[in-house]
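The discussion begins with contacts between charges and rings, then turns to ring pairs, nonpolar cores and a surface patch.

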Amino acid sequence: MIKIEGAVKRYMSGKQGAVTALDGVDLVLPDRGMVFIVGKSGSGKSTLLNVLGLLDGLDGGEMYVDGKAVKEFTAREADAYRSGYVGFVFQEFNLLENDTVRRNIEYATDLIGEKQSAEKTEELLAKVGLEGLGERKAKALSGGQRQRVAIARAAVKEPKLLLCDEPTGALDSATGKDIFLLLKELSKRSLVVVVTHDEEAAEEYGDRVIGIKDGKICSDTGAEEAEQAPTRAYAQKGGHISARSALHLGAGYLRMRPVRLAITLLLCFISFVLMGFSDAVASYDKNEAARLSMTAHGTKYLRVHKDIYTGEQFGGVDHFIEGDFEILKEKVGASRIDPIYREGAFDGRICVMDYMANGDELLSLARALSGFIEIDEDFLADYNFSLMEGSCLPQGEYEIVIDEYLYDEYVRMGFKNADGECVTIRSSADLIGRQFVSLDDKTYTIVGILDTGFDFEYYEEIMEERWEQPEGHLGELNSYPSEFSADSDIYTSLQRVAFVADGYFDDYIRKPNMKDDDIEIKSVLIPYNAGKGTLDALTFYVEGGSAYFIVELPSGRVMYNFANAITEDLRLAEARFLERAHIARYISYLFLFFSVLLIFHYFSGTVVDKKKEVGVLRALGASKRDIFSVYLAGNLLLAAIMIGMAYIGTGICIFLLEYMLRNLYALIVRFIVFGLRQFLLIAAVAIVSVALGVAVPAWRVLRKRPVDMMRDE
Ligand code: ADP
Ligand code: MG
């Protein structure tokens with residue numbers, strides 16, 4: 001039973017100043033029957049009804065529900081009252097227009113925590129004359145039909161109190177009559193309060209008619225004795241919008257502003273991809289990249305130099321001594337070590353440049369042979385090297401084998417014999433058998449050409465460009481444009497090394513009283529049979545254009561380093577792309593800033609657009625939490641879409657970068673795109689920005705009373 005005592009309600013309106021909509025209303029309503037409230041427009045009827053439905057609050061006086069003062073209701077109790085105790089029927093129907101009839105009814109049952117079976121809904125629809133229209137969209141119905149849906153929505157909860165605000169106001173009189181009959185039927189089991197200015201209808205259908213004028217009750221055909229209502233605890237009956245309904249409603253909101261949504265998504269997509277991309281690139285492992293690339297590139301050897309640690313830093317090339325070989329074998333895992341001796345006949349004494357027919361000093365990388373390696377069958381096998389057609393292994397003091405790069409220079413420039421005769425070199429056979437004379441007048445015969453696996457094909461384009469440079473444009477080796485990473489490959493390869501007979505050093509170079517330190521070994525060759533050798537386990541560090549590994553010894557630290565095309569290419573790729581990937585991050589911050597603004601704008605828009613609908617849901621008893629869950633459902637959906645798109649986008653970008661690095665630099669760089677880190681990063685940013693984007697505007701809307709939300713502005 002509902003009781004109102006001395007109810008006062010004032011409104012502040014811009015033009016008229018304070019308006020007293022209810023001015024001391026006392027009213028006791030029975031538990032059953034049909035009560036009409038009649039009066040002129042502006043007399044306060046709707047205000048009274050909204051107060052009865054807890055859509056609006058009082059400024060003075062008190063209202064009691066089953067003996068409990070409304071003032072003492074918690075937010076939960078108020079929601080439960082709206083959802084379970086009362087049913088509302090509005091003049092303007094207030095249906096969720098984009099939803100089906102069935103869904104409109106389900107929202108109401110959700111909110112009282114009941115599951116409505118399809119048959120029951122059908123039964124109810126039949127009762128209000130809407131059989132078979134359950135799946136029809138509300139907006140596709142006529143006014144009379146819509147009002148029937150509104151009544152069904154209110155009646156489905158079997159409320160104790162059915163409040164109808166001019167339910168026939170928007171309908172023609174014949175339809176209006178049907179509606180009154182329907183309400184009359186319902187009033188047999190519960191109290192139906194109908195606001196109307198149709199006094200005839202009130203006389204005809206009403207069990208009691210209350211007249212209202214200027215916010216005061218002016219007539220009442222059946223004022224009951226204000227009997228003392230039994231005081232009993234107010235029974236809560238409440239539910240929540242189901243997850244399915246929330247998702248449905250939330251997703252519906254996403255469809256509202258497609259263009260704005262598309263722009264928001266696009267901006268978010270760009271910023272998230274940039275962020276994921278730069279993060280993935282920043283966290284790549286360059287040592288792993290070098291290793292993978294060397295394996296893919298078919299690197300056969302490392303030409304290793306040695307640096308000594310001077311206490312604070314590494315510096316100065318040091319010579320290899322006997323102890324180093326042990327270290328390289330045991331600690332580094334080199335399967336064999338071949339010293340490159342600088343001592344002896346070859347250290348600058350054979351100037352190969354002098355034998356080039358069209359010798360352009362600047363074009364040739366080879367000038368003089370600067371060291372030698374002893375080779376034999378095992379050497380070829382262990383390094384997977386081969387001799388070119390017509391070659392023999394060197395024997396004795398005056399036979400040498402040269403490498404394929406030097407051979408290539410002779411092919412390009414022609415060979416000039418010691419007597420000045422120039423010959424064109426077309427095949428290995430053209431060069432084999434020709435002779436060099438050293439500065440100390442000893443004659444050496446080329447007996448073979450060693451194929452060391454120099455990747456001519458990979459460098460073809462760059463090489464051609466180099467050979468086509470006009471004279472004088474090529475500076476020293478190191479000042480050549482850094483594109484020419486082949487330089488590094490050549491420089492650190494074997495093109496100025498003479499390959500000589502096994503035992504050459506002992507047989508022809510070593511002097512009787514030579515100490516270890518006198519044997520000048522500035523670099524050694526070790527095989528890099530990736531996937532086969534123990535070197536696979538070696539941890540090396542790529543820095544600048546070279547790589548190094550450090551061995552800790554009781555006597556101190558020794559650093560061994562090497563450089564080749566891969567380490568050089570990695571340096572270039574880093575300088576051009578990888579190290580600059582962080583720029584993408586900063587750009588992403590900028591995009592992110594605009595995305596957040598757009599998200600904010602977008603959601604404020606949907607929240608405001610949906611204010612009326614949210615007001616209806618609140619009037620049906622949806623709690624603020626329910627409304628948040630509706631928004632959250634739509635937004636989580638949006639966040640999921642964003643995360644998914646960004647993830648795929650990042651993957652594609654990384655794939656393209658890997659592809660480019662592979663084709664431009666022969667680098668196999670693996671970025672762990674699908675790592676948890678990038679996923680969490682993107683997910684966190686997406687969820688936080690979406691949540692923020694909705695929380696603020698939703699909070700602003702939800703502060704309002706349901707009645708204000710429903711009013712169109
Ligand atoms: P009725 O439903 O009888 O036509 P209402 O209850 O809607 O009348 O309004 C009673 C008075 O209160 C009117 O003068 C109306 O202008 C005023 N009023 C109602 N709601 C508001 C509001 N939200 N803001 C300002 N004035 C209002
Ligand atoms: Mg009204």
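A charge is taken to sit over a ring if NZ of Lys or CZ of Arg is within 6 Å of the ring centre and within 35 degrees of the ring normal. The model is predicted, and side-chain atom pairs count only at pLDDT 80 or more. With that criterion, the charged end of Arg 703 is placed over the ring of Trp 699, 4.8 Å from the ring centre, and the charged end of Lys 3 sits over the ring of Tyr 64, at 5.6 Å from its centre.

**Aromatic pairs**

The structure holds 33 aromatic pairs.

| Pair | Centre to centre | Angle between planes |
|---|---|---|
| Phe 379 and Tyr 383 | 4.8 Å | 45° |
| Phe 415 and Phe 436 | 6.1 Å | 40° |

Phe 379 and Tyr 383 both belong to helix 12, which spans residues 377–383, and they stand four residues apart, about one turn of the helix. Phe 379 counts as buried because its relative accessibility is 0%, and Tyr 383 is likewise buried because its relative accessible area is 0%; the cut-off for this class is under 20% relative accessible area.

**Nonpolar cores and a surface patch**

In soluble globular proteins, nonpolar side chains tend to be buried together. The largest nonpolar core in this model has 77 residues, and within it Met 63 and Tyr 81 touch the most other members. Helix 21 gives the most to this core, contributing ten residues. Apart from that core lies another, of 75 residues, which includes Val 352, Val 500, Ala 584 and Tyr 665.

Which residues form a nonpolar patch on the surface? The patch is made up of Ile 648, Ile 652, Phe 655, Leu 656 and Tyr 659, which together have about 540 Å² of accessible area. Leu 656, one of these residues, is located in helix 21, which runs over residues 624–665.

Methods: Residues are numbered from 1 along each chain as its sequence is written. Chains are lettered from A and ligands numbered from 1 in the order in which they are written. This is a predicted model: local features need pLDDT of at least 70, side-chain atom pairs count only at pLDDT 80 or more; totals for chains, interfaces and linings use all residues. Side-chain values use heavy atoms; hydrogens and water are left out. Patches are made of residues with over 30% relative accessible area and no salt bridge: like charges are joined within 9 Å, nonpolar side chains (Val, Leu, Ile, Met, Phe, Trp, Tyr) within 5 Å. Accessible areas come from the Shrake-Rupley method with a 1.4 Å probe; for residues, only the protein chains shown count as cover. A salt bridge is a side-chain nitrogen of Lys or Arg within 4 Å of a carboxyl oxygen of Asp or Glu. Helices (H or I, at least four residues) and strands (E, at least two) are DSSP runs, numbered from the N terminus. Rings of Phe, Tyr and Trp (its six-membered ring) pair if their centres lie within 6.5 Å; planes under 30 degrees apart count as stacked, over 60 as edge-to-face and the rest as tilted. Buried means under 20% relative accessible area, exposed over 50%, partly exposed in between (1.4 Å probe, protein chains only). A nonpolar core is a set of buried Ala, Val, Leu, Ile, Met, Phe, Trp, Tyr and Cys residues joined through side-chain atoms within 4.5 Å.
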